[in-house]
Amino acid sequence: MHHNSKPYVSPFDPYRPFQNNTYYSHMGYSFNDSLGAGLPLFNSHDYSHHSKRRVHPGNPSPIHGYSIHSPFIRKGGEILPHDRLPEQGMLPKKAYEAIHNDIALDGSPQLNLATFVTTWMEPTANQLYTEAFDKNLIDKDEYPKTAEIEERCIRILADLWHAPHPHTTMGVSTTGSSESCMLGGLALKRRWQNERKKQGKPIDRPNIVFSSAVQVVWKKFANYWDIEPRYVNISPDCPYLDPKGVLSSVDENTIGVVTTLGVTYTGLYEPVEQIAKCLDELQSRTGLNIPIHVDAASGGFIAPFLQPEIIWDFQIERVKSINVSGHKYGLVYPGIGWIIWRETEDLPEDLIFHVSYLGGNMSTFALSFTRPSAQVLLQYYNFLRLGKEGYYEIQKYTQSVALFLSNAIQKIEHFELLTDGSHLPVLAWRLKEGHSSHWNLYDLSRTLRTFGWQVPAYPLPPDMENVTIMRVVVRTEFSMELAQVFLMNLIESITYLDSMDRPVSNETKHHIAFHHDV
């Protein structure tokens with residue numbers, strides 16, 4: 001898969017200069033094709049002699065180039081209401097301008113280093129999107145080829161994750177990993193209930209075990225479905241799910257253990273294989289057979305290509321289900337997730353419904369019903385377009401940007417690096433204790449926003465809530481050139497904060513609006 005002769009370039013990268021067209025030609029583009037038409041291009045040389053100048057990596061005015069007239073002014077100076085339906089309509093162009101000018105005030109996706117979500121696809125993918133956004137995925141009788149493509153994606157993922165029988169096992173597409181996690185958790189609960197009923201045992205006190213650094217969807221799952229959450233708290237020595245902590249938390253009422261391949265806070269992989277071995281030993285001593293679900297929302301599209309030596313998937317018999325976000329490192333626009341079960345029997349049949357009122361008898365297991373097909377088709381587009389080699393090249397380039405950033409940040413005397421991007425292309429750092437009494441990472445996050453960057457600062461989970469960290473998620477859209485501009489802005493921000501002769505503010509994290517896994 002790895003060819004040293006090829007540069008680590010990404011055909012999805014709208015910013016990287018075309019220094020070598022070998023890979024683009026191989027992937028079907030000529031050297032003159034513009035993969036990022038209409039998007040800004042940045043050249044790090046533009047800034048090499050201006051280190052003291054406050055450099056904005058994009059247009060500092062989000063409404064530059066738009067008409068200055070207000071689309072909300074109507075005849076007689078009437079202003080359109082924002083909280084009720086207007087009495088009269090308007091011309092299509094006016095309606096478009098009203099919304100277009102509103103969203104022009106949104107932040108730049110390319111400068112959002114908080115989100116894992118893909119915000120750019122190439123023009124041919126966009127064309128496919130426009131041809132398919134009106135297809136209803138649930139209506140498999142009307143759109144049989146779309147349904148077949150969904151099935152192909154399920155088989156591809158089952159094979160990628162080493163399912164014993166990838167052509168027959170169960171899997172579904174979802175709106176994202178949150179829905180996938182809910183479905184995976186429901187399957188764990190129902191399998192536990194069915195087994196307990198066979199044994200004549202009560203089913204009123206189920207529990208589920210995961211790390212205190214688990215993504216919030218699992219807390220929602222436990223809350224919504226009346227399951228006791230048992231947290232294994234992280235520590236400085238073990239900032240992920242501790243196998244020993246798992247063993248001390250499980251019992252006969254445990255429906256499953258959730259491991260995370262790419263912790264949201266830090267990007268670290270949890271040791272799935274080690275946890276499975278501990279549970280194997282527990283079963284040999286006690287007879288307790290506790291399954292594992294792997295939340296691979298991000299890592300499911302990274303580890304198979306960059307870390308194939310790590311054993312985390314269906315190669316482990318105890319792993320019964322895996323979820324992934326297609327709209328994260330699967331490189332598809334928002335709105336697509338997947339969950340695959342190891343074998344058919346791992347998804348209880350009584351969770352599957354059959355409907356016939358759309359014309360034909362269709363099975364469904366989902367929390368949603370009607371939804372668009374476009375993201376499923378875009379996922380299949382990526383599978384065909386990239387193949388294993390293409391995914392490797394893109395993820396490797398993304399990781400190289402993360403390692404470049406972490407190496408530079410590690411040399412900044414203010415910071416202690418926590419993760420360097422060698423698992424997920426995610427890096428995190430903290431402010432060295434006692435380094436500054438005038439500012440903290442929340443102040444640094446606000447200062448970076450003046451350049452347009454969204455870089456989150458937040459506390460770690462219990463028992464490390466007194467530690468505040470800053471995190472950068474490197475995505476395909478974030479090029480090496482942008483990374484250089486970000487570092488320049490980061491150093492300028494630190495210099496500015498260090499120049500203060502009094503504390504910058506007494507604001508806390510509660511004043512910063514940020515969702516760390518959008």
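Tutor: In this predicted model, helix 10 and helix 12 are roughly parallel to each other, because their axes cross at roughly 20° and angles under 35 degrees count as roughly parallel. Helix 10 covers residues 374–410 and helix 12 covers residues 480–498, and their axes come within 10 Å. The crossing in which helix 10 passes helix 12 is right-handed. On the side of helix 10, the residues that take part are Tyr-397, Ser-400, Val-401, Phe-404, Leu-405, Ala-408 and Ile-409, and they meet Met-480, Glu-481, Ala-483, Gln-484, Phe-486, Leu-487 and Leu-490 of helix 12. Sorted by class, this contact has 11 nonpolar, two polar and one charged residues.

The other pair is helix 5, residues 177–198, and helix 6, residues 216–224, whose axes lie 10 Å apart at an angle of about 45°, and these two helices are therefore oblique to each other. Here too the crossing is right-handed, as helix 5 passes helix 6. Ser-178, Cys-181, Met-182, Gly-185 and Leu-186 of helix 5 meet Val-217, Trp-218, Lys-220, Phe-221 and Tyr-224 of helix 6, and by class this contact has seven nonpolar, two polar and one charged residues.

As for the setting of these pairs, the protein chain has 12 helices and 13 strands, and buried residues make up 52% of its 518 residues. Among contacts in the chain with a separation of 6 or more, 72% are between residues 24 or more positions apart.

Technical notes. Residues numbered from 1 in each chain as written. Predicted model: local features only at pLDDT ≥ 70, side-chain atom pairs only at ≥ 80, totals over all residues. Heavy atoms only, no water. Helix = DSSP H or I, 4+ residues; strand = E, 2+ residues; numbered from the N terminus. Buried < 20%, exposed > 50% of the residue type's maximum accessible area, 1.4 Å probe, protein only. Contact = heavy atoms within 4.5 Å. Axes fitted to C-alpha atoms, helices over the stretch in contact; angles between N-to-C directions. Parallel < 35°, antiparallel > 145°, perpendicular 65-115°, else oblique. Left-handed = near helix turned anticlockwise from the far one by under 90°. Nonpolar A, V, L, I, M, F, W, Y, C, P; charged D, E, K, R; others polar.
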